[in-house]
Amino acid sequence: LSKGFFPELGPAIGVGSAFDYWSSQEDEPVYRMLVCLKPPRGHTFCLEPGTVANESRICVKLECTCTTQETVGYMLCFLHDPKEQLRKKQKPSLLHTLCTGSYLDVQKTAHWFQDLVRENKASVRLLRLRYYLLTVLPSRRSCKVAIKDVSGRTMLVEMIFGVQLGDSDIFMSSQAREDIFTPSTTWTLSCAWAEAKFLWLVFDQTPDDSLLSCFHLCTRLLVGTGFSSYTLKTVVMHLLTTTPLSGWHRTHFLLRLDDIVRYLYRCLEEKRLNHFFFGNDKIPEKIVLPPALQRAEPFNLFQHLAQDPAAHEQAMREFKEL
């Protein structure tokens with residue numbers, strides 16, 4: 001990475017069901033890691049003005065480095081040094097490698113990272129005295145790898161890329177929404193790390209593993225239905241802020257399941273399920289949100305049901321079967 005002006009790689013954060021207990025032990029989940037990207041020296045990342053929404057573009061801008069050479073080392077300034085000198089003596093800026101126009105390109109970033117893994121996979125073949133075979137799988141917006149050990153067991157790991165919004169727990173992510181075409185310069189709002197932190201907080205305060213059992217049972221119930229696991233996850237997170245955590249004891253197990261089903265039914269009737277992190281004043285203080293997200297109007301995850309009567313009718317039929 002030191003040979004050019006590519007994004008700096010921050011820590012990898014485990015996100016998704018494999019890390020926040022949403023999947024059960026019988027599942028074979030994909031282990032998703034959110035790799036934080038930071039701008040290289042002489043560059044800055046910023047969202048398009050005024051956008052903290054589900055989707056946005058990340059603008060890459062050059063900044064002056066003329067006065068920082070004594071503290072961080074010599075480099076030519078992309079803004080003020082002659083272009084001919086820059087071309088001969090310095091690697092191209094990020095704008096000329098992983099960007100389309102002025103915007104960080106997801107697909108170019110994914111291909112660059114995949115090449116990094118391929119070039120360096122020999123260095124990770126020995127781990128705890130056991131040999132592993134690492135294979136990079138095709139992917140347009142992430143880096144997917146299959147890791148096979150000597151016993152034949154294979155783990156799937158997907159590394160998605162994220163740009164942190166300030167010092168918050170919210171990222172703009174390379175992961176696209178399902179079944180929707182997403183341009184290569186479009187990044188999607190990800191609350192995965194904030195969700196994981198929230199669930200870890202409540203698991204530490206619940207009296208036993210009944211909440212975990214609720215999660216596992218809910219995921220089993222959803223198999224074969226049109227409801228996503230994220231819908232039930234959102235319902236449970238809302239209930240965790242309105243029901244005392246002491247009430248998630250195994251003696252109240254059926255009551256809590258009943259609460260989950262009733263809450264979902266009410267949301268379906270009203271055609272409204274608010275996103276957990278948009279404009280929610282019940283978020284614990286340990287979860288750091290961007291100010292714009294705290295002030296945002298609630299975002300309706302069931303907006304499609306409000307706009308499509310046939311989809312709403314189908315959802316109500318599936319709920320009755322559930």
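This briefing describes charged side-chain pairs and a nonpolar surface patch. The structure is a predicted model. A search of the whole structure finds twelve salt bridges, among them the pairs described below.

**Salt bridges between separate parts of the chain**

- Glu 158 and Arg 32 form a salt bridge through their side chains, with an N to O distance of 2.9 Å.
- Because Glu 158 belongs to strand β10 (residues 154–164) and Arg 32 to strand β2 (residues 31–38), this pair ties together parts that are 126 residues apart in sequence.
- Glu 158 is buried, at 7% relative accessibility, whereas Arg 32 is partly exposed, at 29%.
- Lys 197 and Asp 169 form another salt bridge, in which the closest N and O atoms are 3.0 Å apart.
- Lys 197 lies in helix α4 (residues 192–205) and Asp 169 in the loop between β10 and β11 (171–173), so this pair ties together parts that are 28 residues apart in sequence.
- Asp 169 counts as buried, with a relative accessibility of 7%.

- Arg 256 forms a salt bridge with Asp 259, and their closest N and O atoms are 2.8 Å apart.
- Both residues lie in helix α7 (residues 253–270), three residues apart, which is about one turn of the helix.
- Arg 256 is buried, with a relative accessible area of 11%, while Asp 259 is partly exposed, at 24% relative accessibility.

**A salt-bridge network**

**A nonpolar surface patch**

- Leu 217, Leu 221 and Leu 322 make a nonpolar surface patch of about 220 Å².
- Leu 221 is located in helix α5 (residues 210–222) and is partly exposed, with a relative accessible area of 43%.

Conventions. Residues numbered from 1 in each chain as written. Predicted model: local features only at pLDDT ≥ 70, side-chain atom pairs only at ≥ 80, totals over all residues. Heavy atoms only, no water. Patch = residues over 30% accessible without salt bridge, like charges linked within 9 Å, V, L, I, M, F, W, Y side chains within 5 Å. Areas by Shrake-Rupley, 256 points an atom, 1.4 Å probe, with all protein chains shown as cover. Salt bridge = Lys/Arg side-chain N within 4 Å of Asp/Glu carboxyl O. Helix = DSSP H or I, 4+ residues; strand = E, 2+ residues; numbered from the N terminus. Buried < 20%, exposed > 50% of the residue type's maximum accessible area, 1.4 Å probe, protein only.
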